Amino acid sequence: MNIQAGNFISQIKRLSDRIFERILADRKIDAFNGAQGRILYALWQGKAISLRELADRTGLAATTLTSMIDRMESAGLVCRTPDKSDRRKTLLTLTEKSQSLYQDYLDVSDRMSEIFYAGFSEKEILLCESMLARIQENLRRHERIPRI
């Protein structure tokens with residue numbers, strides 16, 4: 001059996017990133033890019049979070065996030081605030097500017113979903129989402145296995 005899931009997933013990621021960026025450009029949304037949108041999406045889910053928690057939620061390395069957060073802070077999208085319960089920690093919060101971009105992100109995300117699932121039945125969408133979630137969990141579980 002010729003299994004190509006990894007190749008498909010990699011190509012889907014590259015294509016979807018390019019399409020997402022094109023949709024942002026077409027809609028003249030220049031306040032954030034696709035990668036920053038992932039960070040904002042994680043922050044839109046609720047409370048202030050640490051860089052470590054953000055790394056877990058986005059799947060991005062903390063080293064990658066640090067420079068991205070620097071740029072986003074300069075652009076007025078996020079703020080770093082000291083954690084009142086642990087002075088060693090810094091929490092990331094949204095600004096008013098980034099709060100106002102939430103609907104733009106949802107609109108682009110909805111368009112991406114339309115593109116992803118064009119021609120799929122509701123049943124097929126649910127099955128696909130379920131299988132992708134299982135693959136993601138398999139990868140997360142494997143990532144936690146200590147190396148020998």
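Gln36 lies in helix α2. Helices here are DSSP runs of H or I with at least four residues, strands are runs of E with at least two, and both are numbered from the N terminus. Gln36 is buried, with a relative accessible area of 12%. Buried means under 20% relative accessible area, exposed means over 50%, and partly exposed is in between, with a 1.4 Å probe and protein chains only. Leaving out residues up to four places away in sequence, Gln36 touches Ala31, Met68, Met72 and Leu77. Contact means heavy atoms within 4.5 Å. Gln36 and Met68 are 32 residues apart in sequence, yet their C-alpha atoms are 7.4 Å apart in space.

This is a predicted model, in which local features need pLDDT of at least 70 and side-chain atom pairs count only at pLDDT 80 or more, while totals for chains, interfaces and linings use all residues. Residues are numbered from 1 along each chain as its sequence is written, and side-chain values use heavy atoms, with hydrogens and water left out.

**The chain as a whole**

The chain has seven helices and three strands. Along the sequence they follow the pattern α-α-β-α-α-β-β-α-α-α. The C-alpha trace spans about 55 × 50 × 25 Å along its principal axes. The chain has 148 residues, of which 26% count as buried. Among contacts with a separation of 6 or more, 48% link residues 24 or more positions apart.

**The sheet**

The three strands form an open sheet in the order β1-β3-β2, with antiparallel pairing. β1 (49-50) and β2 (78-83) stand at the edges with a single partner strand each, so one side of each has no neighbour in the sheet. Two strands pair if DSSP finds at least two bridges between them. Strands of a sheet pair through backbone hydrogen bonds, either parallel or antiparallel.

Two bridges join β1 to β3 (residues 86-94). Here Ile49 stands opposite Leu92, and Ser50 stands opposite Leu91. β2 and β3 pair over six bridges, also in the antiparallel sense. A hairpin joins these two strands through two residues. Asp83 stands opposite Asp86 in β3.

Helix α4 (residues 62-74) lies across β2 and β3. Its angle to β2 is about 115°. Axes are lines fitted to C-alpha atoms, for helices over the stretch in contact, and angles run from 0 to 180 degrees between N-to-C directions.

Which residues of helix α3 (residues 51-58) are buried? They are Leu54, Ala55 and Thr58. These residues cover an arc of only 105° around the axis, which puts them on the same side of α3. The arc is that of the directions from the helix axis to the C-beta atoms. The buried residues of α3 pack against α2 (34-44), β1, α4 and β3. Gly59 follows α3 and has a positive phi, near 80°.

The largest nonpolar core has 26 residues. A nonpolar core is a set of buried Ala, Val, Leu, Ile, Met, Phe, Trp, Tyr and Cys residues joined through side-chain atoms within 4.5 Å. Phe32, Ile39, Leu40 and Leu54 have the most contacts inside this core. The elements giving two or more residues to this core are α1 (5-26), α2, α3, α4, β3 and α6 (102-116). The largest share, five residues, comes from α2. In soluble globular proteins, nonpolar side chains tend to be buried together.

Ile39 has contacts with Leu54, Thr58, Leu60, Leu65, Met68, Ile69 and Met72, leaving aside neighbours within four places in sequence.

**Loops and cysteines**

Lys28 sits in the loop between α1 and α2. Lys28 has a positive phi of about 60°, although it is not a glycine. Ala75 is in the loop between α4 and β2. Ala75 and Phe32 are 43 residues apart in sequence and 8.9 Å apart in space, C-alpha to C-alpha.

The structure holds zero disulfides. A disulfide is a pair of cysteine sulfur atoms within 2.5 Å.

| Residue | Relative accessibility | Class |
|---|---|---|
| Lys28 | 71% | exposed |
| Ala75 | 34% | partly exposed |
| Cys79 | 31% | partly exposed |
| Cys128 | 24% | partly exposed |
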